[in-house]
Amino acid sequence: MSRPNLQIALDHNDLEHALADIFKVGDEVDVIEVGTILCLQEGQKAIRCIRSMFPHKKLVADTKCADAGGTVARNVAEAGADLMTVICCATIPTMQAAQKEVGELQVELYGDWTYDQADEWRRIGIKQVIYHQSRDALLSGGTWGDNDLAKVKRLTEMGFKVSVTGGLDVETLELFEGIDVYTFITGRGITAADDPMKAAQRFKKEIIRIWG
């Protein structure tokens with residue numbers, strides 16, 4: 001079981017604040033995500049700017065693409081993204097079109113997805129999924145529970161590299177002990193902290209404590 005990565009999600013409304021935050025912690029995290037909101041607000045400019053600041057970091061464009069997969073993937077890849085997200089309800093042809101244009105694809109698991117769908121994603125060569133507690137669910141009082149952990153574990157057993165996200169803090173990580181999580185994704189858990197660098201270091205320290 002390998003040590004999980006730490007990914008920061010830049011879910012900012014404007015590029016200026018995103019750049020200010022990633023400047024503080026970019027060297028500490030393993031993966032940088034241009035979040036959905038930032039993609040919608042700033043587009044390729046955000047990807048290009050962050051790529052120029054951190055040329056050797058893995059960079060994700062969190063487009064949550066549902067259609068026009070080839071075009072969207074080509075655009076983010078040309079801007080410098082290594083990975084792109086597609087929503088789980090996207091069609092197989094949309095996912096296949098995106099796969100041809102970008103380094104790797106991540107399927108975002110929202111709503112009513114099935115393991116039969118997941119089998120089909122594996123069949124076409126998709127290796128990564130992202131398991132969510134959505135922002136809206138968390139704001140409504142949702143928390144991580146045994147049902148979530150069981151789904152994450154089953155997805156890893158199917159051969160996926162599973163990233164998890166949604167209201168994560170340092171204390172949450174211990175819930176996943178014994179599960180082969182690929183990446184922990186957090187946004188405000190780092191960017192909203194009084195000292196973002198110390199917050200990122202605390203996440204990394206806890207990951208090392210649990211997974212070695």
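Predicted model: local features only at pLDDT ≥ 70, side-chain atom pairs only at ≥ 80, totals over all residues.
Two rings of Phe, Tyr or Trp (taking the six-membered ring of Trp) form a pair if their centres lie within 6.5 Å; planes under 30 degrees apart count as stacked, over 60 as edge-to-face and the rest as tilted. Residues are numbered from 1 along each chain as its sequence is written, and side-chain values use heavy atoms, leaving out hydrogens and water.

**View 1. Ring pairs join residues into a cluster.** Look for Tyr131, Trp144, Phe176, Phe184 and Trp211, which are linked by ring pairs. The structure as a whole holds five aromatic pairs.

**View 2. Trp113 meets Tyr115 edge-to-face.** A pair of aromatic rings is described by the distance of the centres and the angle of the planes. Here the centres are 5.2 Å apart and the planes stand at 85°, so the pair is edge-to-face. Are the two residues buried or exposed? Buried means under 20% relative accessible area, exposed over 50%, and partly exposed in between (1.4 Å probe, protein chains only). Trp113, at 13%, counts as buried, while Tyr115, at 21%, counts as partly exposed.

**View 3. Trp144 and Phe176 pair across distant parts of the chain.** This pair is edge-to-face, with 5.3 Å from centre to centre and 75° between the planes. Trp144 sits in the loop between helices H7 (135–139) and H8 (146–157), and Phe176 in the loop between strands E7 (161–165) and E8 (181–186). The two residues are 32 residues apart. Trp144 is buried at 12% relative accessibility, and Phe176 is buried at 0%.

**View 4. Helix H1 packs on helix H3.** Helices (H or I, at least four residues) and strands (E, at least two) are DSSP runs, numbered from the N terminus. H1 (residues 15–25) and H3 (residues 44–53) pack at about 25°, with axes 11 Å apart. Axes are lines fitted to C-alpha atoms, for helices over the stretch in contact, and angles run from 0 to 180 degrees between N-to-C directions. In contact (heavy atoms within 4.5 Å), Leu15, Leu19, Ile22 and Phe23 of H1 meet Lys45, Ala46, Cys49, Ile50 and Met53 of H3.

**View 5. Helix H3 also packs with helix H4.** H3 and H4 (residues 69–79) pack at about 30°, with axes 8 Å apart. Gln44, Ile47, Arg48 and Arg51 of H3 make the contact with Asn75, Val76, Glu78 and Ala79 of H4.
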